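Please consult the sequence and structure shown here while reading.

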Amino acid sequence: MKILVPVKRVVDFNVKVRVKADQSGVELANVKMSMNPFCEIAVEEALKLREAGKATEVIAVSCGAVACQETLRTALAMGADRAILVETDAELQPLAVAKLLKAVADREKPGLVILGKQAIDDDANQTGQMLAALLDWPQAVFASKVELGDGVARVTREIDGGLETLEVKMPAVVTTDLRLNTPRYATLPNIMKAKKKPLETLKPADLGVDVAPRLKTLKVAEPGKRKAGVIVKDVGELVDKLKNEAKVI
Amino acid sequence: MPALVIAEHDNQQLKGGTANAVAAAAKMAGDVHVLVAGASAGAAAQAAAKLAGVSKVLHVQAAHYDGGIAENYAALVVPLAKGYSHVVASASAFGKNVMPRVAALLDVAQVSEISAVESADTFVRPIYAGNAFATVQSADAIKVVTVRATGFDPAPGGGSGTVESTPAGPDKQQSKVVSQELTKSARPELGGARRVVSGGRGLASGENFKMLETLADKLGAAIGASRAAVDSGYVPNDYQVGQTGKIVAPELYIAIGISGAIQHLAGMKDSKVIVAINKDPEAPIFQVADYGLVGDLFQIVPELTQKI
């Protein structure tokens with residue numbers, strides 16, 4: 001069984017993003033870019049399944065500019081077998097990405113697609129669910145544990161108020177939550193080896209997908225700043241302020 | 001055309017910010033309908049009909065909607081959606097699961113987790129963990145939107161909508177819920193609580209969270225935690241407040257032994273009044289706190305519990 005792992009190149013999670021002065025977006029020039037953390041977890045889970053003998057091949061796929069090759073090389077260095085880049089400079093929104101991934105899934109016929117639950121740039125949390133819809137496959141999102149059985153995946157999901165175990169028929173789409181695993185680091189020898197692994201490049205037109213955006217961003221603004229308050233000297237003063245100034249107790 | 005809100009419920013009561021989603025939907029369209037689907041969700045349907053702004057509740061009676069199975073919900077909502085300008089749900093675990101599936105099948109974009117409605121087609125939503133806010137306009141005929149509950153006050157009661165029985169959609173039988181382990185608590189639900197007491201790594205153990213429980217019970221508060229506390233195994237993950245956990249905006253948020261990492265602040269900085277208790281005077285949490293108290297939480301918390 002093949003596992004398809006879509007990965008996204010995003011602003012590194014340690015970078016404090018800045019809104020551009022003209023409010024057209026956030027500053028991306030000279031900013032460190034990395035694989036989205038939830039995608040790293042997805043790659044790790046796919047590799048673990050392959051290492052456990054549940055899968056034969058792990059294929060990483062990314063959609064976007066040429067620079068996404070770096071992200072795919074990271075996935076290959078972690079251990080993915082080969083990679084596919086759907087290359088475009090167009091702005092890609094989740095529905096368009098889901099359509100591109102559906103076209104790739106139709107070609108590759110994986111038994112499982114594992115991807116991050118959301119990207120830390122647009123925070124959309126949509127692509128996996130949309131892909132499952134377009135493929136008419138079941139979905140198990142926000143996974144904290146994945147077990148494969150005979151034609152089914154048993155997935156423990158993070159839900160409001162606790163955990164849920166869902167059994168989905170395969171092929172299926174699984175999206176990863178933070179606690180699913182701790183991704184491995186790529187070692188130097190594996191980084192070198194990754195340079196020789198196959199990386200195929202396609203265009204959206206090759207897949208017959210119209211990627212035109214549906215949402216127009218009118219502006220991007222800084223959040224309202226919260227003013228620092230006062231430091232109180234003791235519990236007595238705190239209780240007094242809460243009762244008589246803030247009036248919240 | 002009206003807006004359709006997909007209700008989250010436990011058959012008896014509406015849950016997960018459904019009333020907030022109704023309030024948001026009322027700002028998008030003049031008229032709001034609510035879909036309540038479940039094995040025996042009559043009581044939840046009646047509750048939805050009483051929300052201000054709701055003119056009609058579509059009540060679907062079928063067991064294959066229990067557990068919030070996304071494939072079944074999407075198959076039900078998609079044919080109904082053609083009669084609506086907006087399809088809306090709370091951005092809870094349920095809404096986040098179901099709504100993108102609905103949007104993709106309608107071939108429309110989803111606008112995720114909006115915090116404000118500018119007009120019928122323009123919405124404000126946080127990006128980069130709330131470090132920026134994007135104003136986005138949708139060109140699609142049907143707008144599929146999820147709503148951040150803390151951005152909207154829940155729709156009040158006093159409405160008088162009608163409840164209409166609606167036929168069920170297919171049972172897709174692609175997935176089934178095997179089990180649920182829900183954290184049992186007599187305290188209010190974290191996402192909608194008016195007061196929250198949260199603990200961080202400073203608590204040093206799960207055992208010490210008991211101290212917060214006493215304080216929370218005295219305040220009628222929910223208990224939350226930082227990701228550090230969850231990762232250290234002090235409390236379960238559903239306590240987590242932050243970018244990767246729950247987004248809360250209570251009237252009072254008391255952060256105890258929490259340093260204030262960006263990812264935590266993203267989940268609580270819209271709270272009305274923030275109190276921080278931390279031994280490190282340089283902790284970033286003090287930059288967002290209305291009232292800060294520097295000191296040993298193991299002395300402060302019992303004293304606070306006693307004096308409140």
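## Sheets, helices and interface

In chain B, L4(B) stands opposite V87(B) in β6(B). The model is a predicted one: local features need pLDDT of at least 70, side-chain atom pairs count only at pLDDT 80 or more, and totals for chains, interfaces and linings use all residues. Residues are numbered from 1 along each chain as its sequence is written, while chains are lettered from A and ligands numbered from 1 in the order in which they are written.

Strand β1 (residues 3–6) and strand β6 (residues 86–90) of chain B run parallel and are joined by three bridges. Helices (H or I, at least four residues) and strands (E, at least two) are DSSP runs, numbered from the N terminus; two strands pair if DSSP finds at least two bridges between them. Both strands belong to an open sheet of seven strands with parallel pairing, in the order β7-β11-β6-β1-β4-β5-β12 of chain B. At its edges are β7 (110–114) and β12 of chain B, each pairing on one side only. Helix α1 (residues 18–28) of chain B packs on this sheet, where α1(B) touches β1, β4, β5, β6, β7 and β11 (143–147) of chain B, and its direction makes about 150° with that of β6(B). Axes are lines fitted to C-alpha atoms, for helices over the stretch in contact, and angles run from 0 to 180 degrees between N-to-C directions.

Helix α2 (residues 42–49) of chain B has the buried residues A44(B), A45(B), A47(B), A48(B) and A49(B). A residue is buried if 20 or more other C-beta atoms lie within 10 Å of its own, with C-beta atoms placed from the backbone. Among the elements covering these residues are β4 (32–38), β5 (54–61) and β12 (162–165) of chain B.

Six strands form a second open sheet with parallel pairing, in the order β13(A)-β18(B)-β17(B)-β16(B)-β14(B)-β15(B). β13 of chain A and β15 (222–225) of chain B each have a single partner strand, so one side of each is left without a neighbour in the sheet. Within the sheet, A255(B) stands opposite A276(B) in β17(B).

| Strand pair | Sense | Bridges |
|---|---|---|
| β1(B) and β6(B) | parallel | three |
| β16(B) and β17(B) | parallel | five |
| β12(A) and β10(B) | antiparallel | six |

**Helix packing.** Helices α5 (residues 209–219) and α8 (residues 297–307) of chain B pack at an angle of about 25°, with their axes 9 Å apart. α5(B) and α8(B) are therefore roughly parallel to each other (angles under 35 degrees count as such). The contact involves residues including L212(B) and L215(B) of α5(B) and V301(B) and L304(B) of α8(B).

**The interface.** In total, 62 residues of chain A are in contact with 69 residues of chain B, contact meaning that C-beta atoms, placed from the backbone, lie within 7 Å. On the side of chain A that touches chain B, the largest share, eight residues, comes from β9(A). By class, this side has 35 nonpolar, eleven polar and 16 charged residues. Ala, Val, Leu, Ile, Met, Phe, Trp, Tyr, Cys and Pro count as nonpolar, Asp, Glu, Lys and Arg as charged, and the others, Gly among them, as polar. The bridge partner of K216(A) in β10(B) is Q137(B).

Key:
A residue is buried if 20 or more other C-beta atoms lie within 10 Å of its own, exposed if 12 or fewer, and partly exposed in between; C-beta atoms are placed from the backbone. Two residues are in contact if their C-beta atoms, placed from the backbone, lie within 7 Å. Angles under 35 degrees count as roughly parallel, over 145 as roughly antiparallel, 65 to 115 as roughly perpendicular and the rest as oblique.
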